[in-house]
Amino acid sequence: MALEILIDGQSVNVELLSKTGNIHQVSIDGKIYEVDLAMVERGVYSILYKNKSYNVELVLGKEPKTYTIHTLYNSYDVDILDAEAKYLRGRKQDHLEDNLAISSPMPGKVVKILVKIGDEVKAGDTVIIVSAMKMESEYKVKSDRIIKDILVKEGDTIDGNQPLIIIE
């Protein structure tokens, strides 16, 4: 089964070629990978590839078939674009580029706030770092914005999907 997946807005084609136990052979944009994939706990996976270990956390997004994937150093927004998702996207009337609030999809602790109210930030700038499940995640803006409000301070414990920073 082949899927089109958007990873931070970049389209990739992924196809599961075979599966034997935990060994998965996948094609990503035509390049074949053989990985040992195991679910460690709900939403957390261990991936072994070329004798290197990678841990990822998969967090369900607000929309169906949308996820945030957290790795040791980065987080990625992922949309699975099957026929149903493409149809639903085409029917949406309201196309907002970004949410106006930056939030963490899971509970955690604010490690560092890198901006102040009134700061102008460029696309890709990190604005806040949150620690959750022993991993630090950097949250970035997707387009040029201005920091309107900061709702938390360093050291605060936060809830999942709690607004942290308001941008305009």
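This is a predicted model: local features need pLDDT of at least 70, side-chain atom pairs count only at pLDDT 80 or more; totals for chains, interfaces and linings use all residues.
1. **Core.** The largest nonpolar core contains 16 residues. Ile 102, Val 127, Ile 128 and Ile 165 have the most contacts inside it. Three strands each supply at least two residues of this core: S10 (108–113), S12 (126–132) and S16 (163–167).

2. **Ile 165.** Which residues does Ile 165 touch, leaving out those up to four places away in sequence? The list runs Leu 100, Ala 101, Ile 102, Val 115, Val 127, Ile 128, Ile 147, Asp 149 and Ile 150.

3. **Salt bridges, count.** The model has four salt bridges. Three of them are taken up below.

4. **Asp 77 and Lys 142.** These two residues form a salt bridge, with the closest N and O atoms 2.8 Å apart. The pair links distant parts of the chain, 65 residues apart. Asp 77 sits in strand S8 (residues 75–81). Lys 142 sits in the loop between strand S13 (135–140) and strand S14 (145–150). Is Lys 142 buried or exposed? Lys 142 counts as exposed because its relative accessibility is 53%, and the cut-off for exposed is over 50%. Asp 77, at 30%, counts as partly exposed.

5. **Asp 119 and Lys 116.** Here the side chains meet in a salt bridge at 3.9 Å, N to O. A salt bridge is counted within 4 Å, so this pair qualifies. Lys 116 is exposed, at 57% relative accessibility. Asp 119 is partly exposed, with a relative accessible area of 23%.

6. **Asp 156 and Lys 153.** The N to O distance in this salt bridge is 3.4 Å.

7. **Second largest pocket, size and lining.** This pocket holds about 1400 Å³ of space. How many residues line the second largest pocket? The lining has 28 residues, and Ile 5, Val 14, Ile 28, Ile 47 and Ile 69 lie nearest the centre. By class, the lining divides into 24 nonpolar residues, three polar and one charged.

8. **Second largest pocket, elements.** Strands that give two or more residues to the lining are S1 (2–7), S2 (10–20), S3 (23–28), S4 (31–41), S5 (44–49), S6 (52–60), S7 (66–70) and S8. Strand S8 also carries Asp 77, the partner of Lys 142.

Key. Residues are numbered from 1 along each chain as its sequence is written. Side-chain values use heavy atoms; hydrogens and water are left out. A nonpolar core is a set of buried Ala, Val, Leu, Ile, Met, Phe, Trp, Tyr and Cys residues joined through side-chain atoms within 4.5 Å. Buried means under 20% relative accessible area, exposed over 50%, partly exposed in between (1.4 Å probe, protein chains only). Helices (H or I, at least four residues) and strands (E, at least two) are DSSP runs, numbered from the N terminus. Contact means heavy atoms within 4.5 Å. On a 1 Å grid over the protein atoms alone, a cavity is a set of points where a 1.4 Å probe fits but cannot get out, and a pocket is an open set with protein on both sides within 12 Å along at least five of seven lines; lining residues have an atom within 4 Å of a point. Grid points are joined across faces, edges and corners, and a volume is the space filled by probe spheres set on the points. Ala, Val, Leu, Ile, Met, Phe, Trp, Tyr, Cys and Pro count as nonpolar, Asp, Glu, Lys and Arg as charged, and the others, Gly among them, as polar.
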